[in-house]
Amino acid sequence: MNIDKKIVDDLVANDVSFVTTVPCKQLAGVIDEVDARDGIFHIPSNKEDEGMGLCAGAHMGGKRPAIIMQNTAIGVTINTLATLTQYYRMPLPMIISYRGELREPVACQVEMAVHTKALLAQLNIPTYHFHWQKDVEEFDNILKYTFMCNKPVAILTDANFWGGYGDQ
Amino acid sequence: MIRSEILRDIAPILRDQLVVCNIGIPSQELHAIDDQPSNFYMLGTMGLASSIGLGLALSQPKPVIVIDGDGSVLTNLGTLPTIGNNCPDNYILMIIDNGSYGSTGDQPTYAGMKTDLAAMARAAGCDNVVEVQDKDTGDALQAALDSGKGTVMVVKCDSGNAKMPVITMDPVVIKHRFMEAVKA
């Protein structure tokens, strides 16, 4: 299974047509796939809170948005999630590269990984953790759930899910 | 002129347009001067008015006017390259540049010192950047709308705020009526 393709197929099937991204090595394939699809407008952001602003506008313009980013972004976007996305009840699937988990080669990434789920829990953000490739089967349901409840929803995808870092 | 005087001046132009308004006193002033369902008031999240407006302009065909501030743009400077590289024809970013953080007590911003926001917008790739003096704002805004081209306006004016009440409308109500105006 090509998980990049599966993720973007599910986005398209759920009418997600506006996607903003802040890159991560783990997410390079899915970002390429987003960029290649005619049915998706891809707009890279310089920072994740900026991206959430773009998604808020797209939502109010009648499009279904999504953001693709690293988990370090949770540290950047708490105010935006609380006072924009949640306060105005906006749906936002957040496809998050969960750096600093099992098979992570860069020690510093662990420092935000240990806070990621706690911060998301503190914000009452529904959170799913993809560790095995088969976990992607739930992605379609998660998207439907997000647009049903008009909330930001986090999908944490770790190195094991993406197949690790080459020979590490 | 101060910001509230400009908003009073241009209210007849804004009335028929989708407007995304910056957090704090700018939204309070616009709300008090001429509340419209087609106004989206930011109640939180400093800096993101330009981004919300850009996402909106890219997602539907009606013109979108963002009322932003120099301090707010400085908070979210990454917005300028994103605008410069993606600017749709229906997007107008109007930066009310009074050289101060008005909502927090008029502390000076760097835009009131050596920093030139219009030059930064041009360097970021924004094609149509106009510098406007406060009293000319209405004419410049109408010209930007008539041009049918994405435009960044930097409106130079005096620092200062009008005393207006806090917006007590529920955020979901603000969003709902705004989305109805988008669809209308």
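The model is a predicted one.

I then checked the overall dimensions. The radius of gyration of chain B is 15 Å against the 16 Å that the globule rule gives for 184 residues, so chain B is as compact as a globular protein of that length. I read the spans of the C-alpha trace along its principal axes as about 40 × 35 × 30 Å.

Next I looked at burial and contacts. Of the 184 residues in chain B, 48% count as buried. Among contacts in chain B with a separation of 6 or more, I found that 70% come from residues 24 or more positions apart.

I turned to one helix pair in chain B. The axes of α1 (residues 3-14) and α7 (residues 137-147) come within 9 Å and cross at roughly 35°. I noted the crossing of α1(B) and α7(B) as right-handed. From α1(B), the residues Ile6(B), Asp9(B), Ile10(B) and Ile13(B) meet Thr137(B), Gly138(B), Leu141(B) and Gln142(B) of α7(B). By class, I have four nonpolar, three polar and one charged residue in this contact.

Last, I looked up the contact between the chains. Chain A puts in 25 residues and chain B 27 residues. On the side of chain B that touches chain A, α3 (49-59), α5 (79-86) and α8 (171-183) each supply at least two residues. α3(B) gives the most to that side, with eight residues. I sorted the side of chain B that touches chain A by class and got 13 nonpolar, 12 polar and two charged residues.

How values were computed: Residues are numbered from 1 along each chain as its sequence is written. Chains are lettered from A and ligands numbered from 1 in the order in which they are written. This is a predicted model: local features need pLDDT of at least 70, side-chain atom pairs count only at pLDDT 80 or more; totals for chains, interfaces and linings use all residues. Two residues are in contact if their C-beta atoms, placed from the backbone, lie within 7 Å. Helices (H or I, at least four residues) and strands (E, at least two) are DSSP runs, numbered from the N terminus. Ala, Val, Leu, Ile, Met, Phe, Trp, Tyr, Cys and Pro count as nonpolar, Asp, Glu, Lys and Arg as charged, and the others, Gly among them, as polar. Axes are lines fitted to C-alpha atoms, for helices over the stretch in contact, and angles run from 0 to 180 degrees between N-to-C directions. A crossing is left-handed if the near helix is turned anticlockwise from the far one by less than a right angle, and right-handed if clockwise. The radius of gyration is taken over C-alpha atoms; the globule rule is 2.2 Å times the number of residues to the power 0.38. A residue is buried if 20 or more other C-beta atoms lie within 10 Å of its own, exposed if 12 or fewer, and partly exposed in between; C-beta atoms are placed from the backbone.
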